[in-house]
Each structure stands twice: as structure tokens, then as C-alpha cells.
2 protein chains.
Amino acid sequence: MDKQALLETEQRISSYIHNTPILTSQLLDELTGSKLFFKCENFQKMGAFKMRGATNAIMQLSKAEQERGVVTHSSGNFAQALSLAAKNLGVDAYIVMPNNAPKVKKEAVLSYGGIVTNCEPNITAREQAAAQIVSEKGATFIHPSNDLNVILGNATAGMELLKAHPDLDMIVTPVGGGGLIAGTALAAHYFGKQCLVIGGEPQAADDAFRSLQSGQIETNEAANTVADGLRTQLGDINFPIIQKHVDHIIRVEEEEITKAMKLLWERLKIVVEPSSAVAFAAVLKDKEYFKDKFVGIILSGGNVDLETIKFQ
Amino acid sequence: MDKQALLETEQRISSYIHNTPILTSQLLDELTGSKLFFKCENFQKMGAFKMRGATNAIMQLSKAEQERGVVTHSSGNFAQALSLAAKNLGVDAYIVMPNNAPKVKKEAVLSYGGIVTNCEPNITAREQAAAQIVSEKGATFIHPSNDLNVILGNATAGMELLKAHPDLDMIVTPVGGGGLIAGTALAAHYFGKQCLVIGGEPQAADDAFRSLQSGQIETNEAANTVADGLRTQLGDINFPIIQKHVDHIIRVEEEEITKAMKLLWERLKIVVEPSSAVAFAAVLKDKEYFKDKFVGIILSGGNVDLETIKFQ
């Protein structure tokens, strides 16, 4: 992929997504010693950046492929994204979801017209269920993060951020399956002025951190983190991009994620999900590194099950 | 007060406050059958519309009065507003707070430099404590809602809303002490095109509803509502304005307030306090009345104690 592919992607999907607002906060700037620009993908359609990649991936299918539908497995937001993007484009979406996915996310998938199949909450079970739908329906499988068209779609969030603030020193994103940080890294590479990309990752699901160290894709044993969107692991398409273009990854503890999320809710007065708060938690954890820098932070989504959320 | 007084107020305070964003939601429009415009005073400085009235009231004092400071009693947001407005203008603010006020609001008052005196949570105790500070310090008492300069300052939220959307059929605000709805009623009278103003009020603190019925200021016995900003009652300065310019008041139950707040958090992805949700709850309660109308809703504030909030 080159610069042209990113520009074409931006143009292709622009009428199907929101150019989301970028918020600033004097108080959070004072707290961190940096100048922070929060790209609010919680205000994106269906409430997360995943709408970008899902829309692009479906639009890149042939007419014949679109008619047979799309299928994915997702712990939540990509399921909603593919359902809504498919609905907007007149395509059927088959969604394999782990049976422990947040209730609010399952309900949203159904409300967007997604056709849900439940499975056990592990990657093998998800993949088997999806493969079965591919063979039965002829639907095209679209991976939530390890798909080049998804990555290109995701890149548009960083492109919008850099268009508004071309002088950012760095952009920080959460790292789950790797699709957001890979796309952001491409955006920064082609549209930033020596803009670094840094990942925030839960210590409890630090496969990306370990993968960058070992040079091969590592897995998570338990992935027991409140950041439910980040329990997945990197893939062979996004990992090389991450290796090449991501500066480093900062790992954060569970209580640091909750504390960061609470600060965002209290001070920005916005609802973001725990996964979103991981990037801000990384900035809070390593203030010295970010000091006096212009820092973009991608708040990846806002789909929270309010009935289960707890601040202590 | 005339149109000119409103215009002068807007100009006077404009550099001290935010012209807050106005959000819309296709989903909430579909849910209500109306076209809704949410004026987000939760994004106002210190997190509530009260910053507008507090700033205007202090600016209208003489230099000599400003040097002796200001004093108020408040269940929360006006305390923060007067503290921050006073700080911005180099004035001392003495704040009398009930000892059951939300923790997050007390801490905020202190962080804005307010000088706090605690009192019992009833109006008599508040008034006595404030009167004592007036006599000891020579400070000027500023009432949170029953003060013409506060009302004029509050009016600027409605003015901004009508400037952005001149054709609103009605504006709905929460009703507590009456300062917001009185200001909004003046804004609609002078700047709307036959724009009605309607109040949302908790059934458990429905003094304004009863006052409009009886023609005299009624009191609340218990005021046991989750909308802690609305436990106060109308005053002799705002009541005549409300009688003249407010169309009617819709009362809502506690569970309707919580449900409305949850919808706003989930769908707009913003943090609003229970008092804010009362206006939207009123629209949800009487959908037939608002059907097909262009409805402005003033979301009054976003200062919530996240540690105590519960959605069931």
C-alpha cells in the first residue's frame, strides 16, 4: 500500500462515516505536561473506529461477492461495524460472537441487522464457526483487524487527525488485534512530519509488546483485561506494518486503565470504553516521554455496558 | 429586562464561557418522532450552564463590591461556577454547601479556589450561614437562580441555541431554582419565532408545576430526587418571568430520569448529570406533544460522581 491507496480509501468511505471531532482539555494537558488531541471515535457511527475498516472492506468486494454476504468473528465492535456497514451497502452480514460478549454489543449487532451465531469465547471456536458459514453461504470472511482493506479504512482516523493537526509529534492508539495501530502507522508515515506512532496495551494481554520484542507473533494465555476490545492478537498482515512503522508499545495495568477512563469521563464529559482509555493510560504512565509534545490520542470507541461498569 | 440587556450580557460574558456544541442523534430522533437539538452545557467551563449566570453576576458588581468578594449557597454546580467565575475575575468566592452535596462537586469548588463553609442540608441553614458571611466580610450575596443578572447570563445558552437553529418550535429545560428556565424563556421571547419554552421537573420536587397552577411560589416537602440540582424552589424574581413566558411544565418520575440519562450516555456518548436528563425525560414522556417538532433541549451539566452512579 502506498500514499495513493490511503487517499483513495479516504475518498471511498467518506460519505459512510463521520469525520469525528477532536477534543482538547486544559486540565488534562496540565496533568500530563503535554498538549493532547483526542480523536473521538466514540462519536463514530455505531460508536467505534471499526466502522471505517468494515465499510472499506465491503466496498472493495466485487458485486457478486457482496451478494453472497460477509462474515466475521468479533468480541464486539467489529461485529456492529460490519453489520451496520453491510446494512448501509445492502449486504448480508453473518456475525460469530463469543457468548461472553457485552450484552449492549450483542443487542446493537441485532439492531443493525446482523445475523448472529454464538460460540465459545476462544479463537479456535470463533474461526470454526466462521469457516462453516463461509462454506455454507459462500459469504466472504472479513477479519476484524488482519485484513489490508480494514487496515486502510482504519488509517483514515489518523489521516483526519493529521489533517487537522499536521504537527503532531506522535499518535497513541490502543493495541488489540493490531488493525488500528497498523492503519495509524501508515497514516503517520505518509501524512505526518516525523510523527511517531506508539501503542498502549494492557499488561494482561501484551502479545503485541512481546511480538515486537521476539520478532514473531506471540499469543495471549488468558487476556483477562477490562479492555475487552483488546483481548485479540496480531496477525500476519498487520504485524509487518507494526514492526516497520510503530515506535514502541507501553503496557498498562488494569487499575491504570480504569483510572484513565474515569478521568476521560469526568473531565472530557464523554463516554469511552475501557479499550479506548488504554492509549491515554499509556500517556499517563510515561509522562516524562510525552512531556511538552503534541500528542494525538485515538479514543477508539464508546460502546460500554453501563449496567456493568464500576468506578471505585 | 429587554432585548438589549440580553445582547449586552452575551457580549459581556462571551470571552469567559464556551459557546457549547449542539449535538443531534438520528436514533433519538427516531425514538421520539421529533428533531432534537441537544445544547451541551455539560461541555461548558466547570461542566454546567451555571458558569454563564455566575460570570455575569460578578461582572455587574462595582469594583468596590468585587474587592469584598461574593458569597452563595448551592447544592453543587453554582458553587463551582461562582468559584471559577470569581477566580477568572480576581474575586474571592465564599461558598456555603450542604453537607450532603456530591463529593465530586465539593472537591471541584476547592480546586477552583472557593472558600467552603459546610451547613445542614436545608434552605434555612444555608441562608443563615450565607448571611453570616455577608455581615462578617461585606461580601455580596449572589443567589444561584433568583437573581436577574444570573438569569440574564443563563439566557445566553438559549440565545446560542436559537442563533444556530432559529426555527426551533420549542426549547425544553430542567426546572430547579428556576434560573435556567427563566433565562431560556427570555431568550425564546426575544430571539425565537414563536418558540415555546417547556420545563421538565422531577415529580418528587414539583414546586414549579404547583406554583404555576396556584399562582404563588410553592415549596417542596422532601425533594427526594436523583436530580440533585433540582431540589431547590422558585424565587420572587424568576417566578414572574416563568409565569409570563413558560408554556407548561412536564413532571417525570425517578425511573424516567435514570432511563433518559442512560439513553443520553449510551447514544450520544456523553456524560450528563441526572438533572440534565430531566428535560429529555419530559420529551420521552410526552412524545405525542413533541411529534414532528424541532425541539431544543438544554443539557444543563455533566458533573456526576461516577463512584455513586448506578444504572440498573
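In the predicted model, helix 3 of chain A passes helix 8 of chain A in a right-handed crossing, a crossing being right-handed if the near helix is turned clockwise from the far one by less than a right angle, and left-handed if anticlockwise. Helices (H or I, at least four residues) and strands (E, at least two) are DSSP runs, numbered from the N terminus. Helix 3 of chain A comprises residues 50–59 and helix 8 of chain A residues 148–164; their axes lie 7 Å apart, at an angle of about 135°. That angle makes helix 3 of chain A oblique to helix 8 of chain A. Axes are lines fitted to C-alpha atoms, for helices over the stretch in contact, with angles from 0 to 180 degrees between N-to-C directions; those under 35 degrees count as roughly parallel, over 145 as roughly antiparallel, 65 to 115 as roughly perpendicular and the rest as oblique. From helix 3 of chain A, A:Arg52, A:Gly53, A:Asn56 and A:Ala57 take part in the contact (heavy atoms within 4.5 Å). Their partners in helix 8 of chain A include A:Asn149, A:Val150, A:Leu152 and A:Glu160. By class, this contact of helix 3 with helix 8 of chain A has four nonpolar, six polar and two charged residues. Ala, Val, Leu, Ile, Met, Phe, Trp, Tyr, Cys and Pro count as nonpolar, Asp, Glu, Lys and Arg as charged, and the others, Gly among them, as polar.

A:Lys3, A:Leu6 and A:Leu7 of helix 1 meet A:Leu186, A:Ala187, A:Tyr190 and A:Phe191 of helix 9 in chain A. The residues of this contact between helix 1 and helix 9 of chain A divide into six nonpolar, no polar and one charged.

In chain B, helix 3 (residues 50–59) is mostly covered, nine of its ten residues being buried. Buried denotes under 20% relative accessible area, exposed over 50%, and partly exposed in between (1.4 Å probe, protein chains only). The buried residues of helix 3 of chain B, among them B:Met51, B:Arg52 and B:Ile58, pack against elements of chain B including helix 1 (3–13), strand 2 (35–40) and helix 8 (148–164).

Between the chains, 17 residues of chain A are in contact with 17 residues of chain B. The area buried there, the accessible area (1.4 Å probe) that two parts lose on being put together, summed over both, is about 1600 Å², of which carbon and sulfur atoms give 62%. A:Lys269, A:Leu306 and A:Glu307 supply 41% of the area that chain A buries against chain B, more than any other three residues. A:Lys269 lies in the loop between helix 12 (254–268) and helix 13 (274–285) of chain A and is buried, with a relative accessible area of 8%. Although not a glycine, A:Lys269 has a positive phi of about 60°.

B:Asp292, also not a glycine, has a positive phi near 65°. B:Asp292 occupies the loop between helix 14 (287–290) and strand 10 (294–299) of chain B and is exposed, at 59% relative accessibility.

Residues are numbered from 1 along each chain as its sequence is written, and chains are lettered from A and ligands numbered from 1 in the order in which they are written. Local features need pLDDT of at least 70, side-chain atom pairs count only at pLDDT 80 or more, and totals for chains, interfaces and linings use all residues, while side-chain values use heavy atoms, with hydrogens and water left out.
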